[in-house]
Amino acid sequence: MNTTIFERQAQAALEDRSRLIGELRTLESDPSVADAEKRDRVKRLDREIRGLEAEAREAVERGEREAEVRSLTQGDSVGFLTPGRTPDHDESRQWLTLVPSLSEYRAISGGVASEGGYTVPTEVSGKYIDALKAKSTFLRGLPEGSIIPFTSATFSVPQLISSTGADYAAEGQTIAEGQMVWGEVKFDAKKIGEIQWASSEVLEDSAVDQRRVIADNLLRDASLKFDSDAFTGATTNPMKGVLSQGVSTTLGAGKTAVTYDDLADAVARIEATNGTPSVVWASVDMAASLRKEKAAGSGVYQGGSPTDSPASTAWGLPILPSAFLPSKTVIVADASRIVVGVRRNATVRISEDARFDRDQVGFKLTMRMAGVSVAEASSVQIIKAANS
C-alpha cells in the first residue's frame with residue numbers, strides 16, 4: 001500500500017476540519033440565530049471537528065506504522081513520517097504541523113458565542129451564575145427577571161420617560177389619544193477577570209479539594225468587585241451604581257441611626273408611585289443597629305429575642321447587609337425596576353499549559369456585565385442617618 005494514501009487521508013480530514021471551524025466561527029458571530037439553535041448547531045459542529053481530528057491522527061499513526069514496516073523490510077532508513085536524512089524529508093513533513101494539539105483545540109472551545117463557542121454546557125454556565133448570585137449581596141436582592149442576558153457589546157435598556165393623555169370619554173365619543181415618550185440607557189459590557197496559579201504539588205497533596213477552593217475564591221472575588229460598583233459606582237465608573245440613581249433622604253440632626261419607622265416611610269414612598277418594595281440593603285453599622293433596635297420603654301428587641309435567629313426582615317422585606325454601602329446608609333428598593341445585563345456568565349477555566357515549564361496550573365475566571373439601570377429614581381429610596 002502506498003503510504004501517500006495516508007497523507008492524503010489526513011490532509012483531507014484537516015481540510016474538512018478547517019472548513020468546519022470556519023463555519024463555527026461564522027455561526028458564533030451571527031446575531032440572527034437564536035441561542036438555543038446556536039447551541040445545538042455548535043455542539044454538532046464540535047462533534048464533527050473532534051471526529052475529523054481523530055481521523056487525521058489515525059491516518060498519521062497508520063502511515064507511521066506502514067513506513068516503519070517498509071523501513072524494516074526494505075532496509076530503507078527513511079519512511080513516511082519517520083525521521084530521515086533525505087533532502088526532501090522536512091518538506092514532506094511540513095503539513096503535519098496542521099494536526100491540532102490539545103492547546104490549539106482549547107483555543108476554539110470556550111464557553112460563550114463570539115468568545116470561543118458554546119462547548120461549555122449551558123447547565124455548567126448556569127451553575128456559575130447561580131453561584132455568583134449566591135455570593136453577591138446585590139444580585140441576591142434582585143428577582144430572576146432583572147438579570148438579563150444579552151448578545152452584543154452594548155446593553156440597551158428602554159426607558160419610559162413620560163406618559164400623558166388619559167381622560168374621560170363619553171359614550172360614542174373619540175377616546176383621547178395619549179402620548180408616551182421613550183428613551184433608552186446604554187451600557188457597554190465590562191469584563192471582570194482574575195487568574196490564580198497553583199503548583200501541581202499543592203493540588204496533588206492538598207487534603208481538601210483545592211481546585212474547588214480556588215474556583216470558589218475566584219467567584220467570591222468577582223462578586224465583591226461587582227458589588228462595589230453595583231452599589232456605589234459613579235457615572236465615571238465602569239458600572240453605574242444604584243446610589244447615584246435613586247432618591248436620597250437624609251434624616252434630621254440627632255437621628256444617627258436608621259430605624260424601622262424610617263424603613264416604613266421609604267416603603268410608603270415607593271408604593272405611592274405604584275412600586276412594590278422587595279429588598280432592603282443596609283450598611284454594616286445600620287444592619288446591626290436595626291437588629292438591636294428596641295421597642296420604646298420595654299427593652300424588648302424589635303427583631304425578636306436574642307436567643308432566636310437574628311432578625312433578617314423588615315416589614316416583610318429581606319435585610320441584606322453590604323460592606324460596600326457607606327456607613328449610616330440603607331436602601332429600600334423595588335428590585336423589579338432594577339436591571340443588570342449579563343454578556344458572559346462567570347466562567348472558570350483551567351490551563352495546565354500556560355506555565356508548563358514551572359509545572360503550575362492556572363485558574364482563570366472571567367465574566368462580562370453591564371448596567372446597573374434603575375427604571376425610575378423613586379424605585380430606589382436611599383436613607384442616610386445624620387452624623388450627629
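Which residue does Glu48 meet in a salt bridge? The partner is Arg44, at 3.1 Å from N to O; a salt bridge here is a side-chain nitrogen of Lys or Arg within 4 Å of a carboxyl oxygen of Asp or Glu. Before going on, this is a predicted model, where local features need pLDDT of at least 70, side-chain atom pairs count only at pLDDT 80 or more, and totals for chains, interfaces and linings use all residues. Residues are numbered from 1 along each chain as its sequence is written, and side-chain values use heavy atoms, leaving out hydrogens and water.

Glu48 and Arg44 sit four residues apart in helix α2, residues 35-74; helices are DSSP runs of H or I, at least four residues, and strands are runs of E, at least two, numbered from the N terminus. Glu48 is partly exposed at 33% relative accessible area, and Arg44 is partly exposed at 35%. Buried means under 20%, exposed over 50%, and partly exposed in between, with a 1.4 Å probe and protein chains only.

In helix α1, Glu23 pairs with Arg19 at 3.0 Å, and they too are four residues apart, about one helical turn. The whole structure has ten salt bridges.

Now the core. The largest nonpolar core has 39 residues, with Phe138 and Ile338 among those with the most contacts inside it; such a core joins buried Ala, Val, Leu, Ile, Met, Phe, Trp, Tyr and Cys through side-chain atoms within 4.5 Å. Helix α8 supplies the largest share, eight residues.
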